[in-house]
Amino acid sequence: MLSKSTVNKILLAIINIIKSKIIQEIGEKKFSVQMDGTQDTATVEQETIILRYVLGLEVKERLFSVQKVYDASAAGIFQLLKTNVEQQGLKMENIIGESFYGASNMRGEFGGVQKLIRDVSSNSVYTWFYAHVLNLAATDMVENITGVKNLIGLLQSTATFFSDSCKRMDVWSWIMIDEAVGSAKLKKLQKIGDIRWWSKQAALETIFGPYNNK
């Protein structure tokens, strides 16, 4: 069995090979950047960096880096991007487009990351994530549907009620052990995010199971 450190070395080698291939394909060409922040299972805030570029007649979209966020300000996120791009030999001035979610630190026209990118690449164009806009539209659409609003509120209250107490979480764990099968025994109650529609589905499936099983 491989040790943790050995596995990490193998993963790091794979990452370096993939990054080298991406850098080779981009070269001196223009490219765009997509960034999205999320928390992992340990609630550590991370930022994903995705590069989009054209190779021949094909549009490539590649995950370039996943980085822990220490400073969530516009300047902090911009520096995170700049460090990851430039240390691999790419140039910030070759960025012709950027796409993020709608938080002010990212899309702020006068102080957000898009403004800081435009300072070094004046012709770059910002696009708000369409998926994020769709999330917000779906959330707003059901906001006044009483049944849906009450259900989502109940799911959130249930997750908060159990997670606020170790004894209550023990009760939930025993319920899952007794009634669930396979990996479902490890399911945790899912709290619902304000802007991520999928978290509502995850919360429903944790308690009631997948829709297609009903």
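**Entry 1. Contacts and overall make-up**

I began with contacts, taken as heavy atoms within 4.5 Å: among those in the chain between residues at least 6 apart in sequence, 51% join residues at least 24 apart. I note that this is a predicted model, in which local features need pLDDT of at least 70 and side-chain atom pairs count only at pLDDT 80 or more, while totals for chains, interfaces and linings use all residues. Residues are numbered from 1 along each chain as its sequence is written, and side-chain values use heavy atoms, with hydrogens and water left out.

I then listed the secondary structure, in which helices (H or I, at least four residues) and strands (E, at least two) are DSSP runs numbered from the N terminus. The chain has 8 helices and 5 strands, in the order α-β-β-β-α-β-α-α-β-α-α-α-α. I looked up burial next (buried is under 20% relative accessible area, exposed over 50%, partly exposed in between, with a 1.4 Å probe and protein chains only). Of the 214 residues in the chain, 32% are buried.

**Entry 2. Helix α4**

I turned to α4, residues 113–120, where V113, Q114 and I117 are buried. Seen down the axis of α4, these residues fall within an arc of 100° (from the directions of the helix axis to the C-beta atoms), so they line one face of the helix. Their cover includes α2 (74–86), β4 (95–100), α3 (104–107) and β5 (125–128).

**Entry 3. α2 against α4**

I asked at what angle the axes of α2 and α4 cross. They cross at roughly 50° and come within 9 Å; axes are lines fitted to C-alpha atoms, for helices over the stretch in contact, and angles run from 0 to 180 degrees between N-to-C directions. That makes α2 oblique to α4 (under 35 degrees is roughly parallel, over 145 roughly antiparallel, 65 to 115 roughly perpendicular, and the rest oblique).

From α2, I found that A74, A75, I77, F78 and L81 meet V113, L116 and I117 of α4. By class, this contact has 8 nonpolar, no polar and no charged residues.

**Entry 4. Two single residues**

I located G108 in the loop between α3 and α4; G108 is buried, at 16% relative accessibility. Leaving aside neighbours within four places in sequence, G108 is in contact with A103, Q114 and K115. G108 and A74 are 34 residues apart in sequence and 8.6 Å apart, C-alpha to C-alpha.

The C-alpha atoms of T139 and K149, 10 residues apart along the chain, are 9.7 Å apart.

Conventions: Nonpolar A, V, L, I, M, F, W, Y, C, P; charged D, E, K, R; others polar.
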